[in-house]
Amino acid sequence: MQWTGLNELRESFLSFFESKAHTRLKSAPLVPQGDNSVLLINAGMTPLKKYFQGIEHLSGNRAASCQKCIRTPDIENVGHTERHGTYFEMLGNFSFGDYFKKEAIHWAWEYLTGVLAIPTERLWVTVFEEDNEAANIWHEQENVPYERIVKLGRESNFWEHGSGPCGPCSEIHFDRGADKGCGKPTCGIECDCGRYVEIWNLVFTQFDSDGNGNYSKLATQNIDTGMGLERLACVMQGADNLFEVDTVKNIMAKICDIIGKTYKADKDDDVSIRIITDHIRSTVFMTGDGVLPSNEGRGYVLRRLLRRAARNGRLLGYNKPFLHQVCQTVIDENLSAYPELGEKRAYIEKVIRTEEENFAKTIDGGLKILAEMTKILPKGGALSGEDAFKLHGTFGFPLDLTREILAEKGFKLDEAAFKELMRVERMAARIARKFKGGWDEAENGAFGGITTKFVGYDTLETTTEITAIAFGESEEDISLTLAETPFYAESGGQSGDVGVVRSDDAVIEVTDTKKLLSGAAVCRGILKSGTVNVGDTVNAAVDKATRLATMRNHTSAHLLQAALRQVLGEHVHQAGQLVDSKRCRFDFTHFSALTSDELTRVEKLVNEEILTSKAVVTEELPIDEAKKRGAAALFGEKYGSVVRVVTVPDFSAEFCGGTHVRSTGEIGLFKILSESGVAGGVRRIEAVTGTGVLHEYLSLERTIAETAGILKTNSASVLQKARALTAELAAKTAELESLTAKLASNEFEKAVGVKEINGIKLIVGKLHGISGADLRNAADNTKGFDHLTVVLIAGIDGEKANLVCKCGTEAVKRGAKAGDIIKAACAAAGGKGGGKPDSAMGGANTSELAEAFAEAEKILATL
């Protein structure tokens with residue numbers, strides 16, 4: 001048994017199972033593909049459900065993988081113990097109806113005792129108490145003594161989640177030695193003292209459960225195994241916990257170096273160091289897979305982890321952004337298995353740094369507000385859900401951060417009220433997420449098992465056969481699939497095709513085309529006449545004008561991304577798009593609004609490529625070859641071994657399954673209509689091409705003509721006329737403000753009261769029908785105002801009044817502060833206010849202005 005690094009162990013495991021005819025699978029992105037049951041991949045088998053369910057098939061039906069995983073249910077324990085973490089990698093070998101118990105057990109034992117040379121006497125196994133078959137295989141085939149084969153009950157050794165496939169499992173445990181145990185005579189595998197650690201779980205999926213305790217044998221039996229990479233590294237490195245594993249320890253060392261702390265020198269510091277170490281691992285991989293910080297879904301998980309790590313940096317006395325520096329070490333430690341991290345290095349650093357800087361701007365204010373909120377709480381009291389929600393929405397405090405801070409101060413939190421407020425806010429987002437990824441209902445019904453062949457790259461019309469039909473609420477509302485289809489199904493941000501399907505006696509108007517989770521294309525539309533049946537021969541024709549307009553917009557989206565990367569930098573990546581016949585909407589990663597100059601440069605670059613009329617090349621390539629050519633892949637997307645690449649020579653190359661023009665010249669022109677922010681770190685550009693540009697031009701021409709008519713001039717003189725009118729309006733506005741101020745001043749002089757208190761002159765008064773800027777102007781122009789004066793004016797509007805206070809420089813030096821005076825005066829009159837020492841404003845009840853003025857006198861009397 002020789003010390004082995006984590007990266008070497010990963011490669012060792014995958015190579016071993018490759019030698020056993022397993023297909024090596026690359027880790028799936030942390031963002032699930034076509035699976036809405038989880039926010040983030042949390043187990044090695046989660047991305048492989050499609051193979052277990054028979055939706056997709058692997059050649060050989062054997063696979064091995066090392067899967068990135070995120071789990072956050074125990075996030076509050078991370079750092080406070082040495083065994084909890086949110087990020088881990090899961091090694092696994094899988095059989096989809098191929099081998100079963102004998103092979104799974106033999107290869108697990110061969111790898112551990114043969115390849116890794118772990119002494120057999122330090123390994124124990126558990127089996128389900130009714131699974132004598134597995135117990136006998138361990139004993140007779142692998143020579144494991146029966147005294148080291150422990151039979152356990154259903155709770156420990158039977159894998160089952162409701163109804164469906166399930167089965168017994170067998171776990172392999174490692175004995176760390178008596179010195180790591182509790183010393184009790186009863187100490188064994190089930191003892192939680194830490195001496196025995198589970199390292200590998202072999203699940204034998206052999207039954208089908210009805211959910212009521214009845215089990216039948218599956219026709220096809222599967223193998224699903226899982227072994228935590230970090231836990232295996234602990235065994236091979238003699239490490240007590242994951243934070244002592246080589247790669248993780250190097251990340252921790254970088255954190256300590258930046259912050260100036262030593263691990264194991266202070267228990268409280270150690271908690272924060274472990275939290276930062278774990279969370280930066282999670283955030284780097286999540287960001288690398290395209291997750292961006294937000295207040296929803298997986299983006300909220302990322303924000304929560306980042307901000308929790310940032311706050312723990314502050315608890316260690318380090319108040320500057322630093323996580324972006326640590327992410328470089330995380331990337332370097334994982335490059336051998338995840339080279340894409342190196343390709344996205346600058347982008348990952350930018351996202352993490354931006355989020356950390358944004359949090360730094362709000363955390364101090366948030367901590368101050370939280371401190372104010374807790375001042376009024378009784379000992380051991382609970383912060384209201386409304387206050388927690390305010391901290392979350394205004395200051396970006398994740399709930400667990402608020403909870404942690406409260407716990408440190410001995411307070412509780414009304415989480416039920418907070419969650420109800422969050423439930424209301426997230427309802428729309430949850431509904432939207434529910435329907436992503438395909439027509440689940442249709443797939444489980446009329447279109448189950450249906451496949452379609454797309455021929456729409458080469459033709460817009462074909463003769464084909466109807467393979468399935470489903471009707472909606474009426475017989476005219478119809479959905480159908482075709483054996484061969486020219487209709488592009490909505491995917492990759494490109495809208496589905498529209499057109500017509502005709503048979504000898506029926507006409508169907510296709511209004512949309514969607515893709516099922518299985519990949520089949522479903523045409524949805526209206527049965528305009530006749531009747532149709534499965535097996536009918538039909539002519540399927542895509543609407544040419546609509547498809548061509550969509551193709552122009554799709555190709556322009558590729559040109560736009562390339563132009564954005566040239567102008568803004570390599571951190572720009574696609575974060576979403578929608579291209580249809582009317583527009584090109586493109587979302588991309590960037591952290592500030594584009595300037596007018598940047599937008600002009602982007603638009604110019606795109607139009608230059610259009611005017612050169614370059615050929616647009618589409619080809620299918622091995623994925624490694626496509627990457628060598630620099631083709632851009634979509635963040636978080638998982639691709640097969642062969643990918644379709646769309647290239648505009650010397651300008652753009654992207655993985656893409658959509659439809660495109662044959663040459664850039666077919667686009668015509670490209671015009672950006674708007675640029676806006678849609679989320680933190682995500683910007684959106686909306687643009688038009690071809691006839692869309694012409695429509696915008698004609699619309700603008702009409703607007704200018706109508707404006708010229710209103711201004712009583714011609715179109716050519718609109719700008720000159722508008723400037724002249726604007727200057728004239730500004731002059732009249734200034735004149736009106738001057739007259740209003742003089743009138744207010746005259747009225748104020750009639751309603752003024754003047755007192756001298758502690759050598760400071762206090763001028764108070766009321767004005768009717770005046771507020772805002774006019775009220776401030778009246779205060780500025782108060783007759784008799786000097787350096788030792790305080791002015792307090794009320795602008796009355798019915799039952800409510802606005803108050804303004806100004807303090808001269810000498811008055812401020814003597815302690816008269818406008819902000820304090822307004823705050824106290826407004827509070828005395830049933831209102832609120834505040835501001836700077838020399839100027840402040842607030843609101844109050846008109847009926848209580850006497851109390852407000854009296855409060856000002858009291859403050860000056862105490863100076």
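User: Which strands does H17 lie across, running at about 115 degrees to S24?

Analyst: In this predicted model, H17 lies across S23 and S24, and the angle of about 115 degrees is the one to S24.

User: What sheet do S23 and S24 sit in?

Analyst: They belong to an open sheet of three strands, ordered S22-S23-S24, with antiparallel pairing. S22 and strand S24 (652–655) are the edge strands, each pairing on one side only. From one strand to the next, the twist averages 30 degrees.

User: How many bridges join S23 to S24?

Analyst: Strand S23 (residues 642–648) is joined to S24 by four bridges. As one point of reference, valine 646 stands opposite glutamate 654 in S24.

User: Back to H17. Which other strands does this helix lie across, at about 30 degrees to S21?

Analyst: Helix H17 (residues 544–568) also lies across S20, S21, S25 and S26, and runs at about 30 degrees to S21. Those four strands make up an open sheet with the order S20-S21-S26-S25, and the pairing is antiparallel.

User: Why is one side of S20 and of S25 left without a neighbour in that sheet?

Analyst: Strand S20 (574–579) and strand S25 (670–679) are at the edges and have a single partner strand each, so one side of each has no neighbour in the sheet. On average, neighbouring strands of this sheet are turned by 15 degrees against each other, with direction ignored.

User: How many bridges join S21 to S26?

Analyst: Six bridges connect strand S21 (residues 584–589) with strand S26 (residues 682–689), and the two run antiparallel. Cysteine 584, for example, has alanine 687 in S26 as its bridge partner.

User: Which side chain makes a polar contact with the arginine 683 side chain?

Analyst: The partner is the side chain of glutamate 675, at 2.7 Å. Leaving aside neighbours within four places in sequence, arginine 683 is in contact with residues including Phe586, Asp587, Phe588, His590 and Glu675.

User: And lysine 101, buried or exposed?

Analyst: Lysine 101 is buried, because its relative accessibility is 2% and the cut-off for buried is under 20%. This lysine is found in helix H3 (residues 101–115).

User: New topic: the largest nonpolar core. Which residues touch the most other members?

Analyst: Tyr111, Leu112, Trp138 and Trp200 do, in a core of 109 residues. Helix H12 (residues 345–375) supplies the largest share of this core, with eight residues. A second, separate core has 30 residues, among them Val567, Leu568, Val606 and Ile672. In soluble globular proteins, nonpolar side chains tend to be buried together.

User: What does tryptophan 138 touch?

Analyst: Not counting residues up to four places away in sequence, tryptophan 138 touches Ile105, Trp109, Val125, Val127, Asn143, Val144, Ile149, Ser170, Ile172 and Leu202.

User: Which loop holds lysine 712, and what is its phi?

Analyst: Lysine 712 is in the loop between helix H20 (691–710) and helix H21 (718–750). Its phi is positive, about 60 degrees, although the residue is not a glycine. At 72% relative accessibility, lysine 712 counts as exposed.

User: And serine 613, where is that found?

Analyst: Serine 613 is in the loop between helix H18 (596–611) and strand S22 (617–622). Phi of serine 613 is near 50 degrees, again a positive value in a residue other than glycine. Serine 613 counts as partly exposed, at 42% relative accessibility.

User: Stepping back, how many helices and strands does the chain have?

Analyst: The protein chain has 25 helices and 32 strands. Of its 863 residues, 48% count as buried. The C-alpha trace spans about 110 × 85 × 50 Å along its principal axes.

User: Where does pLDDT stay under 50?

Analyst: That applies over residues 428–444, for which the model has 24 contacts beyond four places in sequence. The chain averages a pLDDT of 89, and 95% of the residues score at least 70.

Technical notes. Residues are numbered from 1 along each chain as its sequence is written. This is a predicted model: local features need pLDDT of at least 70, side-chain atom pairs count only at pLDDT 80 or more; totals for chains, interfaces and linings use all residues. Side-chain values use heavy atoms; hydrogens and water are left out. pLDDT is the predictor's confidence in each residue, from 0 to 100. Contact means heavy atoms within 4.5 Å. Two strands pair if DSSP finds at least two bridges between them. Axes are lines fitted to C-alpha atoms, for helices over the stretch in contact, and angles run from 0 to 180 degrees between N-to-C directions. A nonpolar core is a set of buried Ala, Val, Leu, Ile, Met, Phe, Trp, Tyr and Cys residues joined through side-chain atoms within 4.5 Å. Buried means under 20% relative accessible area, exposed over 50%, partly exposed in between (1.4 Å probe, protein chains only). A polar contact is a pair of N or O atoms within 3.5 Å; within protein, one must be able to donate a hydrogen and the other to accept it, and residues adjacent in sequence count only if both atoms are side-chain atoms.
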